[in-house]
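Please look at the sequence and the structure before reading on.

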Amino acid sequence: MAVTASPTDVLRNGLTETEPGGEFSSRAAAEAYIGKVCFKQGPPLLIGAELEWLTAQGELSATNSRPDPRVFADALGPYAPRSISPDSPAVPLPGGSRVTLEPGGQIELSSAPFGTAAELCERLRSDTTRLRELLESRDIRTFSAAADASRRPLRVLTLPRYRAMERSFAGIGPFGALMMCNTAATQVSVDAGANPAEIAARWRVLYAMGPALLAAFACSPDLHSAPPGAWASQRMRAWQRLDQLRTRPPVHDWADPVAGYARWALDVPLLCVRCDGDDWTAPAGATFADWLCGALDEEIGRRPSRADLDYHLTTVFPPVRASGHLEVRYLDAQPGDGWTVPVYAFEALLSSPETVAEATGLAESTANLWSEAARCGLADPELRATAVALLELATAHAATGEAAKQLGAAAERCRSGLPPAVGEYESGVLS
């Protein structure tokens with residue numbers, strides 16, 4: 001199974017836990033379905049990544065407007081996502097990456113899955129160059145930054161999903177709009193594992209390493225309109241201050257991550273309910289489980305289908321999301337070509353069951369320090385020590401000399417307590 005396969009892809013392969021009409025027969029059936037589509041079993045062979053950039057017409061400044069989606073569509077042509085060009089063929093770029101657009105005009109490349117990080121990085125570099133050429137033809141510039149420090153948050157996509165999301169998060173505070181419009185991430189995707197034991201081990205290590213690696217790659221100290229406070233990762237601060245039922249699953253209470261994730265996902269409040277109109281507002285506080293059991297029959301007028309559950313699973317935002325593969329979502333977008341370093345790190349740290357076990361042990365003491373990692377980054381001595389140890393372990397298990405070189409440099413940077421910087425690893429800056 002490719003690491004970029006979606007629940008819908010798995011459904012097309014014949015996995016069903018529903019009644020013939022598409023509705024679930026019970027909560028147990030829905031949980032079983034989630035377990036199958038979110039944790040696809042198979043040898044862990046593939047790796048993928050998603051890269052995001054801020055965008056602007058010309059220079060990035062407080063007075064600069066965000067590019068209009070129509071200008072994006074014109075620049076991207078056949079590569080434009082259907083969210084901004086409904087009739088687009090939405091073909092992948094020559095290296096296999098697909099282009100998507102985020103609510104505030106951030107642009108994203110989602111790679112194809114590859115057997116090695118080296119090939120993944122080569123293809124993504126090629127596609128970033130092509131993306132830059134396309135966008136610059138319409139005077140759109142991209143910026144390697146994890147947080148927009150210059151502009152107030154402004155949503156440019158008018159899709160019903162994002163209207164409902166904005167409305168839902170507005171009652172929590174400013175961080176919903178900031179997350180949607182003013183942040184960018186580097187995400188790495190890996191296969192879940194060949195069997196339940198391996199899936200549990202890989203899930204556990206990705207979460208255990210999270211705070212230390214968040215600190216190692218934190219590089220967003222400034223975020224426009226954020227409340228006062230010094231943070232190493234303002235991007236992660238925004239995520240942590242969102243709807244915590246949606247972003248902070250109680251993973252440490254789960255003996256079995258597959259069963260735990262399925263239960264948690266059903267109890268996450270609905271972000272939106274798709275319908276033929278433009279108003280996708282969900283009943284306040286209602287969960288997918290409420291909808292499933294009939295508690296929302298009057299409000300929604302129907303029971304949820306497989307497609308509804310597939311969509312709901314895209315509206316949960318944990319630090320590691322199960323989507324057939326495992327998506328690591330806790331890293332800031334990196335300066336320049338620095339995104340190659342975490343890609344190489346995850347390839348090395350998950351390269352064998354023995355390495356996974358060693359990495360888990362190294363990260364155990366800092367596994368719960370998520371807030372400290374976002375706030376203090378490498379200034380926290382315990383997080384810094386764990387980050388260095390993990391990157392040294394990754395260096396020892398790197399697949400290539402180039403990967404070892406970059407990982408070794410990152411370990412030394414972390415030892416000095418320094419955040420990632422433009423020029424540290426890059427072969428070219430997309431800007």
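## Fold and overall shape

In this predicted model, the protein has 19 helices and seven strands. Its radius of gyration is 21 Å, close to the 22 Å that the globule rule gives for 431 residues, so the protein is as compact as a globular protein of that length. Along the principal axes, a box of roughly 60 × 50 × 45 Å holds the C-alpha atoms.

## Packing and surface

Of the 431 residues, 55% are buried. Among contacts with a separation of 6 or more, 72% are between residues 24 or more positions apart.

The protein exposes about 16,600 Å². Carbon and sulfur atoms supply 51% of that area.

## Charge

There are 39 positive and 52 negative side chains in the protein. The centres of these two sets lie 3 Å apart.

## Cysteines

How many disulfides does the structure hold? The number is zero. A disulfide is a covalent bond between the sulfur atoms of two cysteines. A pair counts here when the sulfur atoms are within 2.5 Å. For Cys-181, the closest cysteine sulfur is in Cys-272, 16 Å away, which is too far for a bond. Cys-293 is in no disulfide either, as the nearest cysteine sulfur, again that of Cys-272, is 19 Å away.

Cys-181 has a relative accessible area of 2% and is buried. Cys-293 counts as exposed, with a relative accessibility of 57%.

How values were computed
Residues numbered from 1 in each chain as written. Predicted model: local features only at pLDDT ≥ 70, side-chain atom pairs only at ≥ 80, totals over all residues. Heavy atoms only, no water. Helix = DSSP H or I, 4+ residues; strand = E, 2+ residues; numbered from the N terminus. Rg over C-alpha atoms; globule rule 2.2 N^0.38 Å. Buried < 20%, exposed > 50% of the residue type's maximum accessible area, 1.4 Å probe, protein only. Contact = heavy atoms within 4.5 Å. Areas by Shrake-Rupley, 256 points an atom, 1.4 Å probe, with all protein chains shown as cover. Lys, Arg positive; Asp, Glu negative; His and termini not counted. Charge placed at Lys NZ, Arg CZ, Asp CG, Glu CD.
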